[in-house]
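Biologist: Could you take me through the ligand site in close-up? I'd like to know what lines it and which contacts are there.

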Amino acid sequence: MATSISVQLELTKRHPLIGAEIRGVDLATPLDDRTLESLHDAWMEHLLLIFPEQDISDEAHIALGRRFGELEIHPSLAHRASQHREIYRVSNVDEQDNLIPPKETAWQYLSQSWRWHTDSSFREVPSKGSILHGIETTNAGGNTLFANMYAAYDALDGDTKEQIKSLWVIHDHDYILSLSPELSKKQNQGQYDDLPPVKHPLVQIHPVTRKRCLLLSPHTMVNIVGMEEAAGRSLLDRLIAHATEARFVYRHVWEPHDIIMWDNRCTMHSVEPFDNVNIRRIMHRVTLSGENKPIPAFA
Ligand code: OGA
Ligand code: MN
């Protein structure tokens, strides 16, 4: 059932725990303050907002992002749109409109987003949210999964909550490269901004909602500080398996010109594999800069 959340916006939940569809707003035109506030409230409540039928330009996409805060420039040079550095090209098609061969560095790097992750967890101040525009989409795979990390934390048993409460994790951008067997073999692994490893708490407090949630990002998590490697890895793997159980996850099947905006502080996402050799999939993303280092839940 659609409910009205302001004069013009219509909100429909897509999943009991995460994700709401929003209609009644045109993202091609600048958001007025009242609409911005309603959207922000809905975003905090539902963690991810889905806006169908928004065929907007990159310029409008960037302007939309800027209404919510500053934008990151992605560390991978090869994935920045040549006309707009703020656009991160999530695509198996290059700017000359050619399919990218699967072994090529640009695709190997991007395809690591098929693993569960949160965007920019490799930064000292990770991203607050991302806004992704599906330009050429497929529904033969290529669905995006989003997990609610508040619910995942809440559902942990008491012993595990106690065990993890003061733990910190090392996150490293280079770990992404090490996960690709193809990239690991290569001399040239691509050009990236210099990003030293960082340390984040395993349980954080969301700066706006003040609720506790897990901070997991499997594609950058190297190990747990102070734990023996195998023990740390097995704890992380157990938490990842728990947090990605179907009950916490919304699966988005894309339609062309869906725009999805998610909160990187309380969700994780992954992409379901698709036939990237034969099927084109082009998405443009803007990434909202974070405003604070993750706040440890138990200082
Ligand atoms: C992203 C990402 C999702 C997708 O844009 O951050 O991980 O559906 N991709 O391609
Ligand atoms: Mn991502």
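Modeller: Here is the ligand site, contact by contact. Bear in mind that this is a predicted model, where local features need pLDDT of at least 70 and side-chain atom pairs count only at pLDDT 80 or more, while totals for chains, interfaces and linings use all residues. Residues are numbered from 1 along each chain as its sequence is written, chains are lettered from A and ligands numbered from 1 in the order in which they are written, and side-chain values use heavy atoms, with hydrogens and water left out.

Around ligand 1 you'll find Val90, Ser113, His117, Asp119, Leu132, Thr144, Trp262, His269, Val271, Arg281 and Arg285 (a residue is near if one of its heavy atoms lies within 4 Å). Sorted by class, that shell has four nonpolar, four polar and three charged residues; here Ala, Val, Leu, Ile, Met, Phe, Trp, Tyr, Cys and Pro count as nonpolar, Asp, Glu, Lys and Arg as charged, and the others, Gly among them, as polar.

Now the polar contacts, meaning pairs of N or O atoms within 3.5 Å. The side chain of Arg281 has an N or O atom 2.7 Å from an oxygen atom of ligand 1. For His117, the side-chain N or O atom is 3.0 Å from a ligand 1 oxygen, and Asp119 also has a side-chain N or O atom 3.0 Å from an oxygen atom of ligand 1. The protein covers 99% of the 290 Å² of accessible area that ligand 1 has on its own (Shrake-Rupley method, 1.4 Å probe).

Key: Polar contact = N/O pair within 3.5 Å; in protein donor to acceptor, adjacent residues only side chain to side chain.
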